[in-house]
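User: I've got a complex open in my viewer and want to talk through a few spots in it. Can you walk me through them?

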Amino acid sequence: MTKQQDTTTATAFSLICGLEIHAELKTSSKMFCGCKNDPFHATQPNIHTCPVCLGMPGALPVANRTAIEWVIKLGLALNCTINLFSKFDRKHYFYPDLPKGYQISQYDIPFCEDGYLDTPEGRVRIRRIHLEEDTAKLQHTTVDGKKVSLIDFNRSSVPLVEIVSEPDITTPNQAKLYAKKIRQILRYLDIADCDMEQGGMRLEANTSVQSEAERTAGTLPAYKVEVKNINSFRFLEQAIAFEVSRQTAVREQGTLPPQETRGYNSAKGETFSQRSKEEAEDYRYFPDPDLPPIRFTPEWIENQREQLPELPDSLLARWETTYGVEPRFADSFVESQTSATWLEAVCNETQQANLKPNDVVSAIHNKKIVSTTGDAPEKTIAAYQALVATDAVSESEVTTAIETVMTANPDAVAKYQAGDTKVMGFFMGQVIKELGKKVDANQIREVLTKALS
Amino acid sequence: MSNAPTLLANSIATLSHLLSSKQCSAVELVTEATQAIADCDGTINSFITTRDPAELLASAQKSDERRTPESSPLEGLPYCAKDSYVTEGIQTTSASAVLQGFIPPYTATVIKKVDEHGALLVGKNNQDAWGHGGSTENTDFNPTKNPWNTAHTTGGSSGGTAASIASGMAVFGIGEDTGGSIRNPASFCNLSGLKVTYGRVSRYGTIAYASSLDTVGPLAKSVEDLAFILQAMAGRDVLDGSSAHETVPNYAEGLTTSLTGKVIGLPKEFFSDALNPEVTTAINQATAVFERLGARCTTVSIPLLEQAIPMYYLLALSETSSNLARYDSVRFGAGRELFTPETKRRIMLGTYALSAGYADELYKKAQSARTQLIAECASALDQCDVLLGPVTPGPAPRLGELINDPVQNMLADLFTVASNVVGIPSLALPAGFSEAGLPIGMQLMGKKFAESTLLNVGHQFQTATEWHTRAPKMLGGEA
């Protein structure tokens, strides 16, 4: 039996996947110093630097309060518990893009824990959300014929939020939906731009395939493969799908895939091995003595929760109930609070004008009318009304037009009378063309049907 | 080498008066300093970098010109700073070959503050590299010799700072104390030195040894002098997240308050066989003086003091293994292979204490013990106003004794590390001399942010004794 025919084995292994998402926060200054936070648009390398983010002797970090507040907001939006006592820890390893020889991150008491995000394919639990500093950016190039690595510290110490999910994701599509939703919320809260091409948002998938037996016993497979450096949702889906096939093939042979880190080659549509992860690296975490621990009061947390804007899912649901607007039309307007507020105003005014908000919104969505966020709602409604406005036609004008068309198309008439009702569409088009005006199609159809019968 | 009385031998108060009444000038002071350096530093070796004499003269002239009746007591006074404080445009090495030639792009907050008060930086002092040592022998720039006897060490790690002041090259200095590094050399050189409460003075621009233990503090010839310097140094710095919000009191105020009714506690754990009998004698004499001044001396017990050395070394070495990780020669500095054997030893031990499988037993346990020691000290300080104890097990050892015996080297910190582990302030001041003519110091420890109390008790002691007024033979003293 070839693998293609062995359908029992093919469905016997199922995906177990967790995502780690890093996003750069768009605070004005960096995470631990006052340098400008602008790694992507700086005109030169190494212009937004100081002794702190360069790891100079004697420099000290001071935490960016706004970054912390934004992480709390994110945690609350993702239904997390906020730890009232939290701290920063030092994570040690050597690499040229890490000036201090350690990254200031969070180890065992992250700001947020135990949240969740609902996707159309089910709930994904969130294990933790923490704050850390980004590394500098390495550029491998040739200078004067010599191969060199250049380091740009504009990105060093930019605030990075890390969102770690539980391995609840079961399909490549769900991974994509989850990641897209995370981006939507980050943008909606206006705390991150998530420009994936620039690395403003980075995706990593931890994947394994679980056997029937493991599924029944409720145990996780004894390995996982990390896929890194994926910079689009499409590639995320493809990479995970590839891993499912690759790992399934290995497991079907009776062995476990090696625990390792793999990259994704989008040109080939394949993952490839990067390094073995048999042993976890020892980062020698300890609490950063330069940064006093952070303590929140329950009152302050509740205050933050109250200040949260209504989130996209809730908005779409409410617009459907209150205004009858279908989510597929309103979806693009929940990318930012500005556009959401605007759309709500349009819906409200439309409803008050005794028109159907769903019609207006779908017209905007389908670009049938020219309307953008910020336009006065009256202007938008007027544009819609102009779109659907019909000219007045008299009965005799309609009758004349129908007679003209029927006379010109005797074969089509015959077809219709023989039972081919699809021809109606042709007649509708011809009659409307003949009239040369914007007409109410329903009115025409009624009269035309009678005339043809 | 002149034996004539020097201007720089005067106290800050006296010099401030002489300067404001135009009886002397800052130009004269720096001229004297430059001459002393030229005459003696070839032998003493207290400086790694000295400022260009012409530049120094120019800044002295500026100081004299800008003087007003409102000028700070520090205006125009030559001072020195341990080479662990970054100074923009001036080489800063932490006495390590790894930073030889390193010119920082910025200046430490404490230097800025002292400069704003008009004091004149004369040079950057030799030290034990990275703070790793108690004798200024773990340096890549040759050991500093003790001005009282050049066959002996000057103590450390702020040894160069103490030696400069004791040999008349500066009026005062800025040292750094992580496990005794101000108090130890102060005691070996017959000076007064203050380890402040953790967070009292900004650490921004201080090349880190152990981040939760490092403190920035003054050395000078008297406790009264320290009060003036501390006034300029203390206070909150937004660039240092660990710096305290505590308001800065007037430290000169209350120096002369009577000691009647003050209780001085002597921790019995400090008075063991490890202590040189000459030190015990000096402290006993001191208690007699305190009692004559109206204070009551009593014994207290702080059992965990006996674990202070393992606590300190596990924490300090862990933190230093982390703080030195940035010296990878990528952005600045020379290669890591240039770390001295003592520094490499400390990095390895610290890395071990933090490593998987050992961190719980070593680093974490030390942190838990630390919490308990903090509580024990607080409890002892509830029963008394200050604690009194020795600074070092004996007077300054001979050169070569400690650096070649790593364990003895660590044990030299026996009495000083507890203050750093707990974060409380501690004042070291002269308490006598050994038979061989070497200075012996003692320390007063207090509650957090109680520098005023320590300065008061110390100053009153100095009004009733004259140990601190003695100068080494090289300056015309009798020793």
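User: How many residues sit between strand 8 and strand 9 of chain A in their hairpin?
Analyst: This is a predicted model, so keep that in mind throughout. Strand 8 (residues 137-143) and strand 9 (residues 146-152) of chain A run antiparallel and are joined by seven bridges. In the turn, A:Asp144 has a positive phi of about 55°. The count between the strands is two residues.

User: And which residue in strand 9 of chain A is the bridge partner of A:Leu138?
Analyst: The two strands are antiparallel, with seven bridges between them. For A:Leu138, the bridge partner in strand 9 of chain A is A:Ile151.

User: Moving to the open sheet in chain A, which strands stand at the edges?
Analyst: The sheet has three strands in the order 5-4-15, with antiparallel pairing. Each edge strand has a single partner strand, so one side of each is left without a neighbour in the sheet. The edge strands of chain A are strand 5 (102-105) and strand 15 (286-287).

User: Which helix of chain B lies across strand 4, strand 5 and strand 15 of chain A?
Analyst: Those strands make up the open sheet with the order 5-4-15. The helix across them runs at about 60° to strand 4 of chain A, and it is helix 9 (residues 308-323) of chain B.

User: How many residues of helix 5 of chain B are buried?
Analyst: Helix 5 covers residues 159-166 of chain B and is mostly covered. Among its buried residues are B:Gly159, B:Thr161, B:Ile165 and B:Ala166. Just after the helix, B:Gly168 takes a positive phi of about 75°. For helix 5 itself, the buried count is eight of its eight residues.

User: Why does B:Thr161 count as buried?
Analyst: B:Thr161 is found in helix 5 of chain B. Leaving aside neighbours within four places in sequence, its contacts include B:Cys80, B:Lys82, B:Asn125, B:Ile174 and B:Leu219. The cut-off for buried is under 20% relative accessible area. B:Thr161 counts as buried because its relative accessible area is 0%.

User: Is B:Asp41 buried or exposed?
Analyst: B:Asp41 is in helix 2 (residues 26-44) of chain B. Buried means under 20% relative accessible area. At 11%, B:Asp41 is therefore buried.

User: What does the side chain of B:Asp41 reach at 2.7 Å?
Analyst: Not counting residues up to four places away in sequence, B:Asp41 touches B:Ala36, B:Ser46, B:Phe47 and B:Met169. B:Met169 is 128 residues away in sequence, yet its C-alpha is 8.8 Å from that of B:Asp41. At 2.7 Å, the side chain of B:Asp41 reaches the backbone nitrogen of B:Ser46.

User: How many residues are in the largest nonpolar core?
Analyst: Those with the most contacts inside this core are B:Phe172, B:Ile174, B:Phe290 and B:Leu373. The largest share, eight residues, comes from helix 2 of chain B. A second, separate core of 87 residues includes A:Trp70 and A:Phe88. The largest core has 145 residues.

User: Last one: what ipTM does the predictor give the complex?
Analyst: Chain B has a mean pLDDT of 96, and 98% of its residues reach 70 or more. For the complex, the pTM is 0.91 and the ipTM is 0.95.

Notes: Residues numbered from 1 in each chain as written. Chains lettered and ligands numbered in written order. Predicted model: local features only at pLDDT ≥ 70, side-chain atom pairs only at ≥ 80, totals over all residues. Heavy atoms only, no water. Helix = DSSP H or I, 4+ residues; strand = E, 2+ residues; numbered from the N terminus. Buried < 20%, exposed > 50% of the residue type's maximum accessible area, 1.4 Å probe, protein only. Contact = heavy atoms within 4.5 Å. Polar contact = N/O pair within 3.5 Å; in protein donor to acceptor, adjacent residues only side chain to side chain. Pairing = 2+ DSSP bridges. Axes fitted to C-alpha atoms, helices over the stretch in contact; angles between N-to-C directions. Core = buried A, V, L, I, M, F, W, Y, C linked by side-chain atoms within 4.5 Å. pLDDT = per-residue confidence, 0-100.
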